[in-house]
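Colleague: Please take a close look at one part of this model for me. I want a single connected account.

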Amino acid sequence: MNDTTDIPVIAIDGPSGSGKGMVTHALARGLGFHILDSGALYRLIGLAAIKSGTDPADEPALARLGLEMDVRFEPTDDAEEPLRVFLEGEDVTVRIRTDEAGVYASRIAPLPQVRESIRILQHSFRCAPGLVADGRDMGTDVFVGAPLKIYLTASVEARAERRYNQLKDKDIGVSLAALSQSIAERDERDMNRAVAPLRPADDAIVIDSTSISREEVLERAFALVQEHLGLTVTRDATT
Ligand code: C5P
């Protein structure tokens, strides 16, 4: 296997709706880096399980799906949808973004065999010139040596409102109250599981975006990249 440990990784972790996708996209575009959307991998295992009629409690079978599923990510120029996602050749970009798919993903994500099944796949995204890795355990488990780790967070209310607007724009119908409840429950599951619980790595820099603008979040992230990697992020029209 090629040694990729010199290729820089920026780990972006945090709870659902904290703006990780937006920051990941802006950094990847501005640096010409690759993107790993690790949440999409858990969502894809869930979708593959539904498609194949796999029992969600059958851990070895779910892990096999993780090892064997044929996934492809295609970068786009659309800031709202930076990656198109394909499972077994079928475009499932919209299907995996529903709240149900997120809830299903967070139910199977605590299973250790499922997490291990996609470790090698996740590492395979580490290609030159660099990687921005978005998830829950990028800084604490998958890329512990990353030279920059950012932990993004915001109140449940702020995150629910952002998610609501994103899903509304994509015509995925859901109520704000239901979304708030779902996000709070998902936080609870993600933060309190035994394996790779969601928490900031000891060396992560925390950005709380509850009461700061999207612009300010980006400015802070860009400054951190300059400080930790010595790289200047180019701002483009899509970010
Ligand atoms: O980030 P996203 O909302 O797509 O993630 C869906 C679910 O997948 C999360 O709620 C979490 O349970 C799980 N996940 C994880 N580890 C990651 C990324 C996502 O456990 N690195």
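Is F73 buried or exposed, and what is its relative accessible area?

Modeller: F73 is buried, at a relative accessible area of 16% (buried is under 20%, exposed over 50%, partly exposed in between; 1.4 Å probe, protein chains only). This is a predicted model, where local features need pLDDT of at least 70 and side-chain atom pairs pLDDT 80 or more, while totals for chains, interfaces and linings use all residues. Numbering runs from 1 along each chain as its sequence is written, and side-chain values use heavy atoms, without hydrogens or water.

Now the ring. The structure has one aromatic pair (Phe, Tyr or Trp six-membered ring centres within 6.5 Å; planes under 30 degrees apart are stacked, over 60 edge-to-face, the rest tilted). The partners are F73 and F125: their centres are 5.7 Å apart and their planes at 75 degrees, so the pair is edge-to-face. F73 sits in strand 3 (residues 71-75), F125 in the loop between helix 6 (119-123) and strand 6 (131-135), so the pair ties together parts 52 residues apart in sequence (DSSP runs, numbered from the N terminus: helices H or I, at least four residues; strands E, at least two). F125 is buried too, with a relative accessible area of 15%.

Next, the core. The largest nonpolar core has 57 residues, and F73 is among the five that touch the most other members, with I10, L27, L44 and F143 (such a core is buried Ala, Val, Leu, Ile, Met, Phe, Trp, Tyr and Cys joined through side-chain atoms within 4.5 Å). Helix 2 (residues 38-52) gives the largest share of this core, eight residues.
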